[in-house]
Amino acid sequence: RYLVAVAAPGFDGLLTSESTRIPGLVSIADIAPTARGEDGALGSQPSDDAFAELRELDERIDDNGTSRKPAAAIATAFVLALAFAFPAAAVLGLAAVLAANLVLSVAGVSEPWLVLVALGLTAALGGPVFARLLRTRAAVGIALVAVVVAYLVAMAADESWVALSPLGPTQNARFYGLSNLLETMLLVPALAGAALIVRRFGPVVFAAAAVLSLATVASSRLGADAGGAIVLGAAYGALAVALAG
């Protein structure tokens, strides 16, 4: 990342970009259109202390970059352990990690040690706790689908909540929407949730859950990922065939 400033009438505070949708962070591809006064130029929004906000944003991106891989590895290790020791809690453990990732971002928590502890404990304890609280398959299915819906709502309400989450995009190739890591993790509650609710609520609700999941990954407004949409669509097709059989 490099410091960028625009000295021109109409620019004040933090630079904004449709490429990133995060105030204070812009793409290098936005620079030339701005200099030439073409479509796709940068904008700006007022800020009481732009430099302080930029420092905070830069530190948060650095913190997320530090914690992303180890946090994912720790969460995966605990979920795998649950898959052998307490299978019913494994899927719920992964869903709990996804929920905790979103909560940490909304709360503005990015310190690596806090993220590692929070996601590790959530993976280890969240699954067993929710497995004992949610007694029926339908209840588990609803909880899993709710996690996917939470990401859909979060991206629609404030793109930075997912974009600046510990497991979110890297902010150097993808700026908003779901990261490949989050997409892969969300496959589990998306598919398992739909499979569990179909027996209780029928194919219409199964289809609704599939549509919501596809909207989360494929909506252009939220940051569509064509590859993720293809994977999810193929997975739901295979799941529907399996359940029908």
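Modeller: A pocket is found on a 1 Å grid over the protein atoms alone, as an open set of points where a 1.4 Å probe fits, with protein on both sides within 12 Å along at least five of seven lines; lining residues have an atom within 4 Å of a point. Grid points are joined across faces, edges and corners, and a volume is the space filled by probe spheres set on the points. The model is predicted: local features need pLDDT of at least 70 and side-chain atom pairs pLDDT 80 or more, while totals for chains, interfaces and linings use all residues. Residues are numbered from 1 along each chain as its sequence is written, and side-chain values use heavy atoms, without hydrogens and water.

Colleague: How much space lies in the second largest pocket?

Modeller: The lining has 18 residues, and those closest to the centre are Glu53, Glu56, Leu57, Arg60 and Leu164. The space in this second largest pocket is about 390 Å³.

Colleague: Which element gives the most to the lining of the second largest pocket?

Modeller: Helices (H or I, at least four residues) and strands (E, at least two) are DSSP runs, numbered from the N terminus. Two or more residues of this lining come from each of α2, α3 and α6 (159–163). The most, 6 residues, come from α2.

Colleague: How many residues in the lining of the largest pocket are charged?

Modeller: Asp, Glu, Lys and Arg count as charged, Ala, Val, Leu, Ile, Met, Phe, Trp, Tyr, Cys and Pro as nonpolar, and the others, Gly among them, as polar. The largest pocket has a volume of about 1000 Å³, and 31 residues line it. By class there are 18 nonpolar and 7 polar residues, and the charged ones number 6.

Colleague: Are α3 and α7 parallel, perpendicular or oblique to each other?

Modeller: Axes are lines fitted to C-alpha atoms, for helices over the stretch in contact, and angles run from 0 to 180 degrees between N-to-C directions. Angles under 35 degrees count as roughly parallel, over 145 as roughly antiparallel, 65 to 115 as roughly perpendicular and the rest as oblique. The axes of α3 (residues 87–106) and α7 (residues 180–201) come within 10 Å and cross at roughly 130°. The two helices are therefore oblique.

Colleague: Which hand has the crossing of α3 and α4?

Modeller: The axes of α3 and α4 (residues 112–133) are 7 Å apart, at an angle of about 140°. A crossing is left-handed if the near helix is turned anticlockwise from the far one by less than a right angle, and right-handed if clockwise. The crossing of α3 and α4 is right-handed.
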